[in-house]
Amino acid sequence: MRNNRKYILFIGVIALLFVGYFIANKVLFNEKEPTTTHAIKQKSVHENGFQADYFAKENTNSKAAILLIGGGQWGNYWANEFASKDMVGLSISYSGKEGLPRLPEEIELEYFENAINWLAKQPEVDPTKIVVMGASRNAELALIIAATFPKYISGVVAYAPSAVSWSNTVLPYNSNELKPSWTYKGVDIPYVPMKKITGVESDTIQMVAYWKNGLAKTNFVKQAAIKVEKITGPIILFSGNDDKVWPSSIMADMIEKRLEDTNFEHSFQNIKYDNAGHLISTNPDQNSSYRTGKIYIDGKEYQFEFGGDDNGDFKAKQDARLKLMEFLEKI
């Protein structure tokens, strides 16, 4: 019996020493309990006449919100990224889905106005800090939205931007009839009228020349220029100097010139990358897995280049993400 008592006492002393050690270790080395990570909520929104995916952390309150034009995998990726940084992301589609226009032409800007008004009312969102972001033709649209609704938009992020609004016919799968791409209150947003791109004998097609021919229509370009000077917040543009889809760096310079000529009052950054192409808005942690795309013209498949190279795109995307987050922190 005495041996059992001694054994129990010995075990108790050892346990007490272990407990004491861990308590002392925690006090001496200021060890903290791991903090709880709040999960990101994603919900589909089908109300107020628009369709989007909404991303925010459970504990987010009155933070900057980014409206991702075009939605889809690209929009959801960035919306989730912003939510992870204690912001809010709304990834919005506007064509090609059930309940939306079949083709991206004559798109009513009221659709985005509804989304902005809804976004401003969410408890996670600071209504004075709503930023719109897009890439390529969705960058064109993002700039137009910001210029059309300056009271609601606090900043713009545009990857591979356009300086003008283009007609619907720049997309080969759109209607053959010349139409505006965007309208507001029944009025066409002025556009550069374009004939559809035509095929060639080879299986590859050069895209940039098509757009440069459009930019040479100076009278139309003047009237179709996006009124970026109306934007009431900072603007950041990203483009690749080797963009082979369209001349985004040239058009970024056109935007910069217009802002200089109109004494733009807000901050503006025109960031261009050498050895980078059209894909610099994609996931910054991944190398581009493809260098060419496919386009169908009159039933024939053609290949076209995105421009840049793996290393150039990767470096550009990494740097752009850093500058993008810095930009949003100052909104």
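## A buried salt bridge: Lys179 and Glu105

Lys179 has a relative accessibility of 16% and counts as buried, because the limit for that class is under 20%. This is a predicted model. The partner of Lys179 is Glu105, and the two side chains form a salt bridge. Their closest N and O atoms are 3.4 Å apart.

## Two salt bridges to strand E13

A search of the whole structure finds 16 salt bridges. Another of them joins Asp203 to Lys300, with the closest N and O atoms 3.7 Å apart. Asp203 is in the loop between strand E9 (187-188) and helix H5 (208-215). Lys300 belongs to strand E13 (residues 300-305). Asp203 counts as exposed, at 51% relative accessibility. Lys300 counts as partly exposed, at 28%.

Strand E13 also holds Glu305. The side chain of Glu305 meets that of Lys244 in a salt bridge, at 3.6 Å from N to O. Lys244 lies in the loop between strand E10 (235-240) and helix H7 (248-261), so this pair ties together parts that are 61 residues apart in sequence. Lys244 is partly exposed, with a relative accessible area of 31%. Glu305 is partly exposed as well, at 38% relative accessibility.

## A salt-bridge network

Salt bridges also link three residues into a network. The members are Glu81, Asp285 and Arg321.

The structure holds 16 aromatic pairs. In one, the rings of Tyr54 and Trp118 have centres 5.3 Å apart. Their planes stand at 85 degrees, so the pair is edge-to-face. Tyr54 comes from strand E2 (residues 50-57), while Trp118 comes from helix H3 (residues 110-120). The pair therefore ties together parts that are 64 residues apart in sequence. Tyr54 and Trp118 are both buried.

Tyr94 and Phe112 make another pair, with ring centres 5.6 Å apart. Their planes are at 70 degrees, so this pair is edge-to-face too. Phe112 lies in helix H3. Tyr94 lies in the loop between strand E4 (88-93) and strand E5 (107-108). The pair links distant parts of the chain, 18 residues apart. Both Tyr94 and Phe112 are buried.

## An aromatic cluster

Ring pairs also build a cluster. Its members are Tyr77, Trp78, Phe82, Tyr159 and Phe238.

Trp74 lies in helix H2 (residues 72-84). Its C-alpha atom is separated from that of Asn283 by 8.1 Å. Along the chain, Trp74 and Asn283 are 209 residues apart.

Which residues does Trp74 contact, leaving aside its neighbours within four places in sequence? They are Leu68, Ile69, Met133, Gly134, Ala135 and Ser281.

Terms used: Residues are numbered from 1 along each chain as its sequence is written. This is a predicted model: local features need pLDDT of at least 70, side-chain atom pairs count only at pLDDT 80 or more; totals for chains, interfaces and linings use all residues. Side-chain values use heavy atoms; hydrogens and water are left out. Rings of Phe, Tyr and Trp (its six-membered ring) pair if their centres lie within 6.5 Å; planes under 30 degrees apart count as stacked, over 60 as edge-to-face and the rest as tilted. Helices (H or I, at least four residues) and strands (E, at least two) are DSSP runs, numbered from the N terminus. Buried means under 20% relative accessible area, exposed over 50%, partly exposed in between (1.4 Å probe, protein chains only). A salt bridge is a side-chain nitrogen of Lys or Arg within 4 Å of a carboxyl oxygen of Asp or Glu. Contact means heavy atoms within 4.5 Å.
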